[in-house]
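Work through the following exercises with the structure open. Each task is followed by its solution.

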Amino acid sequence: MPRTMSRIVPRAVRQPHGPRAVRWSVVVGGRLGGVVWRVCVAGALVCGIAVLPWLSRTDPARTVLRARAAERAPDPTALAAVREQLGLDAGPFGLLRQWVGGLAHGDAGRSWISGAEVAPTVTGALGASLVLMGAALLVAALTAGAVCARTLWRGATHRAAPPRAGAAAATLAALPDFLLASVLAAVVGVQLGWLPALGWYGPRWTVLPALALGLPAGALLGRLLDDLLPAAFTEPWAVAATARGVPGHRLVRMALRRCLPALLPNAGLFAVGLTGGSVAVEQVFDIPGLGRATLQAALAQDLPVLQAGTLALVVLGAVVAGLARLGARVLTGPALRDRALPSLHRPAPAPAGGRVVPLVLGAVLLLVVGAGLARDPLALDTTARLRAPGRSHPLGTDALGRDVLARFAHGALGTLALALAISAAALVLGVLLGLVPRLSGPLVDTVNAVPPVLAGLLVAGVAGSGPATPALAVTAVAWAPLAAHTSALLRQERAATHVVATRGLGAGRWYVLWRELVPGVLPAVVRHGLLRLPGVALALAALGFLGLGAQPPSADWGRLLSENQPYVERAPWGVLAPAGGLALVGVLAVAVGGSRFRKGAS
C-alpha cells in the first residue's frame with residue numbers, strides 16, 4: 001500500500017490538468033473572453049461614431065464649415081476645400097482607419113474645427129472632469145451618509161430600524177441637476193456672492209458644480225443603501241455581535257461592509273456618468289470638461305475630438321468598473337467564495353401607512369392635474385408675462401403669458417406615460433441582461449460611458465429624428481444601472497446558504513434561477529427602477545432641449561423646465577411647478593415600491 005501511494009500521489013501532484021489547473025484555466029479563459037468582448041463593444045461604438053454624419057444624412061463639410069464660420073455661405077468652392085482638407089472623400093471607414101493608425105502611435109489627430117491637436121484638448125478636459133467628479137463623489141458620499149444616518153444610528157444602538165418611504169431622499173434625487181445648478185449659481189453665486197458662479201480657476205470654483213451633481217446622486221445612492229441596511233442589522237452575525245457586546249461603531253462598520261458590495265457597481269456607474277454626463281452643469285458654470293467638449297464635438301460633427309473623448313470615457317468606465325468589482329470582492333471576503341452569505345432581504349413589516357401615503361400623493365397629483373385640464377395651455381397673454389401666482393393663475397404665467405397650471409396639467413399625461421413606459425422597458429432589459437453578467441458587464445460599462453446626448457444623436461442617425469427618437473435613446477442607456485444592480489445582487493444571492501441548500505437537494509439550474517435567485521433580487525431592483533422614474537423624464541427633457549424630443553408648443557414637463565430656466569431668478573414658479581411634479585412622482589414611486597415590493601427576511 002505505501003508503494004502504491006508513493007506511485008499515485010506524485011503522479012497526481014504532477015498532473016498538469018488537475019482540478020485547480022482546470023479551474024484556473026476556466027477563470028483565465030473567462031477573463032480573456034470578457035476583455036475581447038469589451039474591446040468588440042468599444043470598437044462598435046467608435047465605428048458608430050465614425051459613420052454618424054453619414055447616418056444622419058448630413059454633409060459633414062457643410063456642418064464643419066458652419067461651425068468654423070457661421071456667417072460664411074456654404075458655396076460649392078468652400079465645401080470642396082473643406083472636403084479636400086479633411087479627406088472626406090476617403091469615406092467614414094477610411095477616415096477611421098487613418099485615425100486608428102495615428103492613435104496607435106499616440107496621435108489622436110487634429111480637430112476639424114479649430115485645427116488644434118486632439119490629445120492635449122481631450123486630456124485637459126478629462127482632467128477638469130475628473131476633478132469635478134472627485135468633488136461630486138465627496139458630496140454624494142456625505143449626502144448618502146445623511147440619508148442613512150437614522151438607520152445607522154438605530155443599528156448602532158441595537159434598535160430595530162423600520163423601513164421608511166424615503167420621501168426626502170426621493171425628492172432630492174428627483175431634482176434636475178441643471179435646475180439645481182442654475183439655482184445655486186443665481187442665489188449662492190450671484191445674489192449672496194458667497195462662491196464664484198462661473199469659471200474654473202481653483203478649488204472654490206468646484207463647490208457649486210459639485211453640489212449640483214453630488215446632491216441628487218448621493219440621495220439616490222443613499223436611498224439604495226438605506227434599503228439594504230435594515231436587513232444587514234438583523235442578520236445572524238449582527239445578532240451574535242450584539243450579544244457579545246460589540247461596540248455600535250464597529251457594528252455600523254461591519255453593516256456597511258456587508259451592504260456596500262451590492263452598491264459599488266452602481267457607484268462606479270455614477271462616477272463615470274458624472275464625468276461624461278454632466279453636460280448641463282458644465283455649461284451653466286462654464287467648466288471646460290469632457291462632457292461639454294464631447295457635446296460640442298457631436299453637434300459640430302468634429303469626429304476626431306468626439307472619437308477621442310468617447311474612447312477616453314469608455315476606458316475610464318472599464319477602469320472604474322474593474323476597481324468597483326475588485327472592491328466588492330475584497331469587502332465580501334471569503335464568504336462569497338465559500339457560499340456562506342445570508343440572503344440580504346429587506347425585513348418585514350411594511351412601514352405604517354404604507355398604503356395610505358401612495359393614495360394621498362396620487363390624489364394630490366390628480367387634483368392638481370384635474371384643475372389645470374380645463375384651462376388652455378396655448379392661450380397667450382402678453383400683458384401677463386411672468387406674473388406671480390394669484391387667483392387667476394394659481395401657478396403663475398411664463399415668459400409668453402401662458403398659464404403654468406394649464407401647461408403643467410396638459411403635459412403631465414404625456415410625460416408620465418412615456419417615462420413609465422421607458423422605465424418598464426428599461427427594468428425588463430436590465431433584469432434580463434443582469435442575469436447574464438458576462439454578457440452584460442462590458443455592455444453596461446460602455447453604454448454608461450456614452451453621454452445621453454451622443455446616444456440621442458446615434459439613435460437619431462439610425463432611426464431618424466421623430467417622436468420615438470428620444471424614447472429609444474433614453475431606453476438604450478436607462479437599463480445599464482439596473483443591469484449592474486441586478487448582477488451585483490445576483491452575485492451575492494448565488495452565495496446565499498438557502499440557494500446552496502436548494503442545489504444540494506437536487507434542484508436544477510432553471511429552478512434555482514426562477515424560484516430562488518430572481519425573487520431574491522427583483523424587489524430591490526424594482527424599487528431602484530421606480531426611484532429612477534423622474535430621471536427618465538429629465539433625460540427626455542434634455543434631449544428635447546437639444547431638438548431631439550418634444551418641440552414647442554408642447555407642454556411636456558421637460559420642455560417647461562428648459563423654457564423657464566432662463567427666468568428662474570425673476571419667476572421661479574415657472575420651474576417650481578414641473579420640478580415639484582417630478583419630485584412628487586419620485587416620492588410616489590418610492591412609496592409604491594416600499595409598500596408593494598418588500599420581501600421579508602428569510
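**Exercise 1.** Is tyrosine 201 buried, partly exposed or exposed?

Solution. The model is predicted: local features need pLDDT of at least 70, side-chain atom pairs count only at pLDDT 80 or more, and totals for chains, interfaces and linings use all residues. Residues are numbered from 1 along each chain as its sequence is written, and side-chain values use heavy atoms, leaving out hydrogens and water. Buried means under 20% relative accessible area, exposed over 50%, and partly exposed in between (1.4 Å probe, protein chains only). Tyrosine 201 has a relative accessible area of 68%, so this residue is exposed.

**Exercise 2.** Classify the aromatic pair of tyrosine 201 and tryptophan 205.

Solution. Rings of Phe, Tyr and Trp (its six-membered ring) pair if their centres lie within 6.5 Å; planes under 30 degrees apart count as stacked, over 60 as edge-to-face and the rest as tilted. Here the centres are 5.5 Å apart and the planes stand at 85 degrees, an edge-to-face pair. Tryptophan 205, at 24% relative accessibility, is partly exposed.

**Exercise 3.** How are the rings of phenylalanine 408 and tryptophan 557 arranged?

Solution. Their centres are 4.7 Å apart and their planes at 10 degrees, so the pair is stacked. Phenylalanine 408 belongs to helix H18 (residues 404–434) and tryptophan 557 to helix H25 (residues 557–564), so the pair ties together parts 149 residues apart in sequence. Helices are DSSP runs (H or I, at least four residues), numbered from the N terminus. Phenylalanine 408 is buried at 4% relative accessible area, and tryptophan 557 is buried at 1%.

Note on methods. Helix = DSSP H or I, 4+ residues; strand = E, 2+ residues; numbered from the N terminus.
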